[in-house]
Every structure is written in C-alpha cells, then in structure tokens.
Amino acid sequence: KNVCMTSFQSYRDQRFPVSNIRLLETDDMSITWGTFHLTDELYIQKYSADTNNPENKYFLSHFCISGNTESTITKRQFSIFGGQHSFFSVRELSSVHLHIAPSRRGDNSFFEYSLSQQYFKEHFIQDSRVLNDMANRIEKEPFCWVGKNPSITPSMTYLISEITRQPYSGAMRSLFLECKIIELYLAQIHSFDSCDCKILKLSRGDIDRLYDARDYISENLNKKVSISTLSREIGINQTKLKAGFKQLFGTTIFDYAIDQKMKLAIALLEENRLSLTEISDKTGYSHPNHFSSAFKRKFGVSPSMFEFRHQ
C-alpha cells in the first residue's frame, strides 16, 4: 500500500497562549504532537469540523506526556494524566469538551495518532481482549474509551522520539512513519491487554497521595526507594500503595521506577555529554554493569550501542 505523508504543517492554535503543534496526514492516518504553555486551567470546545480529515478520527490514540486533561465526549467523561496513554474509538463525533490543567513541570506536551475506520479494520488483532471489547461496544455506542490509562513506557517514549525527529525524507519517511506507528499501536495493545482489571476503591485523598508517590519516585531516580520508605514518606499504607498505584497508573511501583530510570537514561544518552558511569549514577545503579544489564533487558541493545547509533 502506498502511503504518502504530506509536508509538515506547523501552526499555532489561538486557544493556547503559546503553542508549537505539528501535524502530518495521509488518507488513512493522522499524526499530531506538540507543546503548549498554560499559566491557568483552560476550558475549550472542539468540533469535528476543526479537524483537517475527520474520517481519520475513527481510532484515536493519545499520549499525555505532561499536564492533565479531562474530556467529555457524548456525555462520557474521562481523564488522562501526565505520563499516561489511552485510546478511543469514535463512530460519530460532534463535539469534545476539554479541561486542561497546567503541567506541574513547565509545558504541557502530547502526542497523538489517529486512524481511519478502514485502516483500523485492516490492522485489527483478533486475539486482543481490549480491541474485541471496543469493537463490540462501538457497534452500540458512538464513542468508546478503553477505560484505563496505563503509563507511557520507555519503549513508547523512544518510538515517539523516533517519529517526531523524522530521520528520513520522501518515500522512506512515509514507510518509516507507518512502521513506527504500527509498533506504537502494538505496544499500546500489549499494555492494555496486560492490565489487571481488579478495581480498588480509592478516595480523592488516596489518589492525591498516589500521585505524590509517583512524583517522589520520579524526583529520586538516583536513589533506591523501598515500598516501606515510600509508604512512610507519602502517608499511605503499603497494601493500598501497591494495589492503588497499579490500578491508577497501570504499572507496578518497581516497573514505573525502572521505566523512569530508562527514560532518563535515553535522554542522557541522546545528549551525549555524560559517560555510562555518570548515567548509571544518575539513574540509581551502583555499577555501570548493572545499568547496562537493565538497559539491555528493556530495549534489547546495550547503552553503548544506543549511544553509538545516535552520534
């Protein structure tokens, strides 16, 4: 199938104070990403007519890299928080009400891709529990949300980084983009199908503490943080901390910490300014060999190979 991406379109959405948003489109696929800065909460309404190619919005995947978004579509409300991803299926879309909160750490950042109904059907995975569930529901409902928001993994972060930096041009770029979007699509489906669906009742205070726990981990990547230490620091019992964290963020505390360490490692490797010893120290590993082993388990290549490929 011949896929031909249009040229980059950079535009500024006047509803956002400062924005740098990019769009790529084909007949079957749209890719959008960017950053914008908020000093206060923003409430906006988007219509299907706002999109360049509404028929490509049948399947929409959203990565909330930083910032929090609450949305209402056809009377269904959902939230996506920084560091999470989710996807939706849309048969009919008239309007979307968005409530976007400022990021705790500077700019709000996102990445999205969307697929036409035909393209989605051609790439439907029959043995995926989450896709089959959505397919059954979309026949009865005009809008379907997967219902959970797992954490963005380092491998997803790497794929998004590859897509947005555009290493190729012309026909090679088009093929590269389609392949990377399919990789991202598969990674998401695996993430959703692996989620534990057991529901724990969490109060607003519990949720706030779990977000504090996530922030504490992210801010102390150079340290080994035990469950007992985290429980004591945040003020929540260990049972609720472990189960609630998995439910809210779609990953265990240990896996989240590893993911964040690897995300930091990739950023430091791409900067190409620090040695592997320095990077292992910043990511909380006592020895570079331990860091290299963890990196290879996660990405299938050693950090020295990754560093070489990005020089």
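How much space lies in the largest pocket? About 1200 Å³ lies there, in a predicted model in which local features need pLDDT of at least 70, side-chain atom pairs count only at pLDDT 80 or more, and totals for chains, interfaces and linings use all residues. Residues are numbered from 1 along each chain as its sequence is written, and side-chain values use heavy atoms, with hydrogens and water left out.

**View 1. The whole chain.** The secondary structure of the chain comes to 11 helices and 11 strands. These are DSSP runs numbered from the N terminus, helices being H or I with at least four residues and strands E with at least two. Of the 311 residues in the chain, 48% are buried. Buried means under 20% relative accessible area, exposed over 50%, and partly exposed in between, for a 1.4 Å probe and protein chains only. Contact means heavy atoms within 4.5 Å. Among contacts between residues at least 6 apart in sequence, 71% join residues at least 24 apart.

**View 2. The largest pocket and its lining.** A pocket is defined on a 1 Å grid over the protein atoms alone, as an open set of points where a 1.4 Å probe fits, with protein on both sides within 12 Å along at least five of seven lines; lining residues have an atom within 4 Å of a point. Grid points are joined across faces, edges and corners, and the volume is the space filled by probe spheres set on the points. The lining of the largest pocket holds 44 residues, and Ile65, Ser66, Gly82, Gly83 and Lys263 lie nearest the pocket centre. At least two lining residues come from each of β3 (29-37), β5 (59-66), β6 (68-73), β9 (95-101), β10 (108-115), α3 (154-165), α5 (204-219) and α8 (253-271). By type, the lining divides into 16 nonpolar, 17 polar and 11 charged residues. Here Ala, Val, Leu, Ile, Met, Phe, Trp, Tyr, Cys and Pro count as nonpolar, Asp, Glu, Lys and Arg as charged, and the others, Gly among them, as polar.

**View 3. Thr157 in helix α3.** Thr157 lies in helix α3 and counts as partly exposed, at 21% relative accessibility. Leaving out residues up to four places away in sequence, Thr157 touches Ile152 and Lys263.

**View 4. Helix α5 and Asp206.** The expected span of a helix is 1.5 Å times one less than its number of residues. For the 16 residues of α5 this should give 22 Å, and the end C-alpha atoms are 23 Å apart, which agrees. The buried residues of α5 include Asp206, Ile207, Leu210, Tyr211 and Arg214. The buried residues of α5 pack against β8 (84-90), α6 (227-234), α7 (238-249) and α8. Asp206, in helix α5, has a relative accessible area of 9% and is therefore buried. Beyond residues up to four places away in sequence, Asp206 touches Lys201, Ile236 and Lys240.

**View 5. Val90 in strand β8.** Val90 lies in strand β8 and is buried, with a relative accessible area of 8%. Val90 and Tyr58 are 32 residues apart in sequence, while their C-alpha atoms are 4.7 Å apart in space. Apart from neighbours within four places in sequence, Val90 is in contact with Lys57, Tyr58, Ile138, Pro142 and Phe143.

**View 6. Helix α8 and the residue after it.** The 19 residues of α8 should span 27 Å, and the end C-alpha atoms are 27 Å apart, which agrees. Among the buried residues of α8 are Ile253, Tyr256, Lys261, Met262 and Leu269. Asn272 follows α8 and is found in the loop between α8 and α9 (276-282). Phi of Asn272 is positive, near 60°, and Asn272 counts as partly exposed at 37% relative accessibility.

**View 7. Gln166 and its positive phi.** Most residues other than glycine have a negative phi. Phi of Gln166 is near 55°, a positive value. Gln166 sits in the loop between α3 and α4 (170-193) and is buried, with a relative accessible area of 13%.

View 8. Cys64 is buried, with a relative accessible area of 3%. Cys144 is also buried, at 0%.
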